[in-house]
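Reader: Before we go through the assignments one by one, could you show me the model, so that I can ask what each label rests on?

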There are 2 protein chains.
Amino acid sequence: MSTPVLKPEMLCQVGLIVRDVEATARKYAAAFGFAVPPIIQTPGFDNARTTLGGEPSEATARLAFFQTGQLVVELIEPDEKPSVWREFLEKNGEGVHHIAFRVGDTKATEALLAEQGIKTLQQGLFVDGSGLYTYVDSVPQLGVMIELLENFPKDRVGSA
Amino acid sequence: MSTPVLKPEMLCQVGLIVRDVEATARKYAAAFGFAVPPIIQTPGFDNARTTLGGEPSEATARLAFFQTGQLVVELIEPDEKPSVWREFLEKNGEGVHHIAFRVGDTKATEALLAEQGIKTLQQGLFVDGSGLYTYVDSVPQLGVMIELLENFPKDRVGSA
C-alpha cells in the first residue's frame, strides 16, 4: 500500500496483438473514421537492444498507433522469433496483450514490482531510441500483462 | 471513412475478466497503491434488462472499478450463466475482455457498426440504471471486443 508502484493516471496505452497489422489498421481506421496510420517496423537487437528473459533477442514487430486522448491504441504484429508478443499470439490468438503505464524510473519500478513477485520479461528501446519499454510478468497476479514506458530526458536520446 | 462510428477520444474503459474479483481487486490496489474498491453485484434481468443475442438473460457479474484519469479499469467476475463474459473466461481464461467507448446514441452506433458486419452481442442497463452498455461482435475484425457506453440524460434515469 505504502508507495504506489504504478500511478493509475499514467495508464497510457492498450496494446493488441494482431496477425496482420496493415489489414487491422485499415479496419480500425474505418471503424474510428480516420486515416490509416503509418506502419512502423521495429529494428533488431543492434538498435532496439531487445532482451527476453535477460538475453539479447532479435525479435521484431510491425506496429501501428492510434492516439485516443489519454490513451494510445497500439497494434502489434510479431515476427516468428520468440517474444512476449509471439507467445501471446500462439497462446491466445489476436487480442489485448498489455496495458501500459508511463513511469519515471524503470529500474526503481522493476524493483518494487519484483518485491511483489512480478519480474521483467522483455525490454527494449523505443523505435526512435527516445525511451525504454519493459514488459513484466503480471498476468498471474493481475490477469493482464503490464508494460512500463519510460521517456528518456531529451539530452539522453541518441546516447542510450 | 465518412462518418466516424466511434470517437477515439471517447475510449473510456478497459475491461478485464477475472476469476475472483475480490482477490484481483486487492492485487490491483497493492500494485497501484490505493484502497480496494467496493465490489458491485449486477442485478438479474428484471433490473438490468440484460439481453444476449437479443434474448433476455439472467447472467450477472461482480464488478470492481479503478479510475485512472481518462480511463476506467473494470474487473469482471462472471457468474456461471451464458454471457459474453463467461464465454471469454471459458475460452481465454483471465485477460482483457473489451475496450469501451462512450457514445451519444447507441442505436445509431449499432446501425453504423452493423453496416460493417459488427453485430450486437449483449446489452443491458448500468447497475444504477443510469445508462446502457452494449457489447458488439468486433473480435473478428478488430481483434478485441468493443463496448458502447451510453449515459442517459439525467431526467431519463429511473424511467428506463
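Author: In this predicted model, A:Val14 stands opposite A:Ile99, a residue of strand S7 of chain A.

Reader: What makes S1(A) and S7(A) a pair of strands, and in which sense do they run?

Author: Pairing requires at least two bridges between two strands, and S1(A) and S7(A) share six bridges in the antiparallel sense, so the two strands count as paired. With S6(A), residues 71–78, strand S1(A) pairs in the parallel sense over five bridges, and there A:Leu16 has A:Leu75 as its bridge partner.

Reader: How do you know whether strand S1 of chain A is covered?

Author: A residue is buried when its relative accessible area is under 20%, and seven of the seven residues of S1(A), which spans residues 11–17, are buried, so the strand is described as mostly covered.

Reader: Why is A:Cys12 called buried?

Author: A:Cys12 has a relative accessible area of 9%, and because the limit is under 20%, A:Cys12 counts as buried. B:Cys12 is likewise buried, at 9% relative accessibility.

Reader: How do you know how many disulfides the structure holds?

Author: The structure holds zero disulfides over all chains. For A:Cys12, the nearest cysteine sulfur is that of B:Cys12, 17 Å away, whereas a disulfide needs two cysteine sulfur atoms within 2.5 Å, and therefore A:Cys12 is in no disulfide.

Reader: Which residues lie nearest the centre of the largest pocket?

Author: Among the 30 lining residues, A:Phe88, A:Asn92, B:Phe88, B:Asn92 and B:Val96 lie nearest the centre, and the lining divides into 14 nonpolar, eight polar and eight charged residues.

Key: Residues are numbered from 1 along each chain as its sequence is written. Chains are lettered from A and ligands numbered from 1 in the order in which they are written. This is a predicted model: local features need pLDDT of at least 70, side-chain atom pairs count only at pLDDT 80 or more; totals for chains, interfaces and linings use all residues. Side-chain values use heavy atoms; hydrogens and water are left out. On a 1 Å grid over the protein atoms alone, a cavity is a set of points where a 1.4 Å probe fits but cannot get out, and a pocket is an open set with protein on both sides within 12 Å along at least five of seven lines; lining residues have an atom within 4 Å of a point. Ala, Val, Leu, Ile, Met, Phe, Trp, Tyr, Cys and Pro count as nonpolar, Asp, Glu, Lys and Arg as charged, and the others, Gly among them, as polar. Buried means under 20% relative accessible area, exposed over 50%, partly exposed in between (1.4 Å probe, protein chains only). Helices (H or I, at least four residues) and strands (E, at least two) are DSSP runs, numbered from the N terminus.
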